[in-house]
Amino acid sequence: MWTEYEAHDTRHIVTLCHMQHMQHMQQRQQMQPAGPPSPSCSSTSDCFPLIIHRSAAECGSETSAEPEKHEVRAENSPTDLFRMRSIVSFYVCFLLCLGLGVSCVVCVCLWNKQWRGGFAWDGSPKQFNWHPVLMVTGLIVLYGNGAVLYRVPLTWGQNKLPWKLLHAAVMLLALVLSVVGLCAVFDFHNAKNTPNLYSLHSWIGIAATALFAMQWVLGLAVFLVPCSPISLRKLLKPVHVWFGGSILSLSIVACISGINEKLFFALKRNTSGTQPYSKLPPEAVLGNTLGVLIVAFGLVVLKILSNPKWQRPDSRPEDTAYTTVCLLLSAGLLRTVGLLQVAGPAAGHPQF
């Protein structure tokens, strides 16, 4: 790299050379006005090409940087193609996730409407039918779609705060539906004097719902409240993501075991002519299909969550602006309280 003095000397030499070149050209034109022009340097850059190019490179000239810019774009073209292919793959998985989620909801509603008698809230078996519908809708479909909101590439170039609010709202709706589904089955069991929480299905379901509630509260306190430290967010973000996938896995296990348990209890050989589960009647086919759809939905969601290429890039500076504002307001409030504490004894008022 040239020093400032070397660059100044170089520019001075180039200027002198240019002046001498112009004087020499004027003298030749006066001495040979009609003759053909002799081969000479047409510009200063022809006389000193190395010096000019070096000076331009040192000064960051756009002309000298243009070939390098074209080379970088040429090198990035395979990367852009790979990125486009990755985005297309994501949207294929995302559309598959939406389709499987809608299929799960339609399937569980059809099962309980056509084969289980419909819905009610009167302590009858119809009240129990709310339990599978609400748990599949909330703890599986809404939960899974809410988890992949951050992975949608269309949201990457936008402010993260609105998507945080949408993520929290979808998860809260999923949690509310799950709690209502648990209330439905507890009320039904209490009305029929049936014991609660005796099966493995109930243990896994309660564990998944409890972890979901703690996950939502912790996420609200750490990632949505602006006054939380950024270092704490970076520390808990991997834990939050891991617990999200684990809760979804527990929810899938709970739903599969619940479907199997319900089919075993409902499809027994009795006097009403109901075919047993072992004969695979249409209701059993629909229940098994629902279980397969739930597993497929969970696998697609976990695939989206586990792919590092589909992770949202780090937050931009404007995404954390509200955090800085809140910290400044908190610091100003603490300073005001400190000044009041100092001025309190001087004014004869008690300290806070």
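Here are legends for a handful of close-up views of this predicted model.

Local features are taken where pLDDT is at least 70, side-chain atom pairs count only at pLDDT 80 or more, and totals for chains, interfaces and linings use all residues. Numbering starts from 1 along each chain as its sequence is written, and side-chain values use heavy atoms, with hydrogens and water left out.

View 1. The protein has 11 helices and 0 strands. Helices (H or I, at least four residues) and strands (E, at least two) are DSSP runs, numbered from the N terminus. Of the 352 residues, 33% are buried. Here buried means under 20% relative accessible area, exposed means over 50%, and partly exposed is in between (1.4 Å probe, protein chains only).

View 2. Helix α7 covers residues 160-191, and its 32 residues should span 46 Å at 1.5 Å a residue. That expected span is 1.5 Å times one less than the number of residues. The end C-alpha atoms sit 47 Å apart, which agrees. After α7 comes Asn-193, with a positive phi near 55 degrees.

View 3. Trp-121, Leu-172, Val-176 and Val-180 make a nonpolar surface patch of about 330 Å². Patches take residues with over 30% relative accessible area and no salt bridge, joining nonpolar side chains (Val, Leu, Ile, Met, Phe, Trp, Tyr) within 5 Å and like charges within 9 Å. A salt bridge needs a side-chain nitrogen of Lys or Arg within 4 Å of a carboxyl oxygen of Asp or Glu. The areas come from the Shrake-Rupley method with a 1.4 Å probe, and for residues only the protein chains shown count as cover. Val-180 lies in helix α7 and, at 33% relative accessibility, counts as partly exposed.

**View 4. Aromatic rings around Phe-90.** Rings of Phe, Tyr and Trp (its six-membered ring) pair if their centres lie within 6.5 Å; planes under 30 degrees apart are stacked, over 60 edge-to-face, and the rest tilted. By this rule the count is 8 aromatic pairs. One of them joins Phe-90 and Tyr-91 edge-to-face, at 5.4 Å centre to centre and 75 degrees between the planes. Phe-90 and Phe-94 have ring centres 5.8 Å apart and planes at 10 degrees, so this pair is stacked. Those two are 4 residues apart in helix α4 (residues 62-115), so about one helical turn separates them. Both Phe-90 and Phe-94 are buried, whereas Tyr-91 is partly exposed at 24%. Together with Trp-310, Phe-90, Tyr-91 and Phe-94 form one aromatic cluster.

**View 5. Two loop leucines with positive phi.** Leu-197 isn't a glycine, yet its phi is positive at about 55 degrees. You'll find Leu-197 in the loop between α7 and α8 (200-224), partly exposed at 40%. Leu-280 also has a positive phi, near 55 degrees. Leu-280 sits in the loop between α9 (230-266) and α10 (282-306) and is partly exposed at 46%.

**View 6. Asn-129 between two helices.** Asn-129 is in the loop between α5 (125-128) and α6 (130-147). It's buried, with a relative accessible area of 1%. Asn-129 and Asn-112 are 17 residues apart in sequence and 5.9 Å apart in space, C-alpha to C-alpha.
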